[in-house]
Amino acid sequence: YDDAVASFKQAMLAAAGIEDRSYRDAVLRALHFNLARALYGRFKVSREVGDLRQAREVLANYLRDIEVHGAERKEAKALIDQLDAELELKYPLILR
């Protein structure tokens, strides 16, 4: 997962330079969501709460900063709920 996280972060930096807004947003949507999933996967292996928190932050930014609609938005919110439940279950003081 380390390589995937690094690759998605590098790709996000490169994608920010895409001039066509519509294309840039489509690329960033995919990269944000996949980065969050890679961070969550890394958390499942490492049990490092920072990965879990970062995955949640990436998804929250994704929903706030990029136009996300329909099934994509629903899937992202469901993953945020899953991350929140994991945080609350394993690390109850972190969300407070």
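From the N terminus on, the elements of the protein chain run α-α-α-α. The model is predicted, so local features need pLDDT of at least 70 and side-chain atom pairs count only at pLDDT 80 or more, whereas totals for chains, interfaces and linings use all residues. Residues are numbered from 1 along each chain as its sequence is written, and side-chain values use heavy atoms, with hydrogens and water left out.

**Exercise 1. Describe the secondary structure and the overall dimensions of the protein chain.**

Step 1. The chain comprises four helices and zero strands; helices (H or I, at least four residues) and strands (E, at least two) are DSSP runs, numbered from the N terminus.

Step 2. The C-alpha trace spans about 40 × 30 × 20 Å along its principal axes.

Step 3. For 96 residues, a compact globule would have a radius of gyration near 12 Å, and the 14 Å of the protein chain agrees with this. The radius is taken over C-alpha atoms, and the globule rule is 2.2 Å times the number of residues to the power 0.38.

Step 4. Of the 96 residues, 34% count as buried. Buried means under 20% relative accessible area, exposed over 50%, and partly exposed in between (1.4 Å probe, protein chains only).

**Exercise 2. Classify the aromatic pairs found by a search of the whole structure.**

Step 1. The search finds two aromatic pairs. Rings of Phe, Tyr and Trp (its six-membered ring) pair if their centres lie within 6.5 Å; planes under 30 degrees apart count as stacked, over 60 as edge-to-face and the rest as tilted.

Step 2. The ring centres of Phe33 and Tyr62 are 6.2 Å apart and the planes stand at 45°, so this pair is tilted. It links distant parts of the chain, with Phe33 in helix 2 (residues 21-46) and Tyr62 in helix 3 (residues 49-65), 29 residues apart. Phe33 and Tyr62 are both buried.

Step 3. For Tyr40 and Phe43, the ring centres lie 6.4 Å apart and the planes are at 5°, so the pair is stacked. These two residues are separated by about one helical turn because they are three residues apart in helix 2.

Step 4. Tyr40 has a relative accessible area of 7% and is therefore buried; Phe43, at 0% relative accessibility, also counts as buried.

**Exercise 3. Characterise Arg47 by its location, backbone angle and accessibility.**

Step 1. Arg47 is found in the loop between helix 2 and helix 3.

Step 2. Although Arg47 is not a glycine, its phi is positive, at about 65°.

Step 3. The relative accessibility of Arg47 is 35%, so this residue counts as partly exposed.
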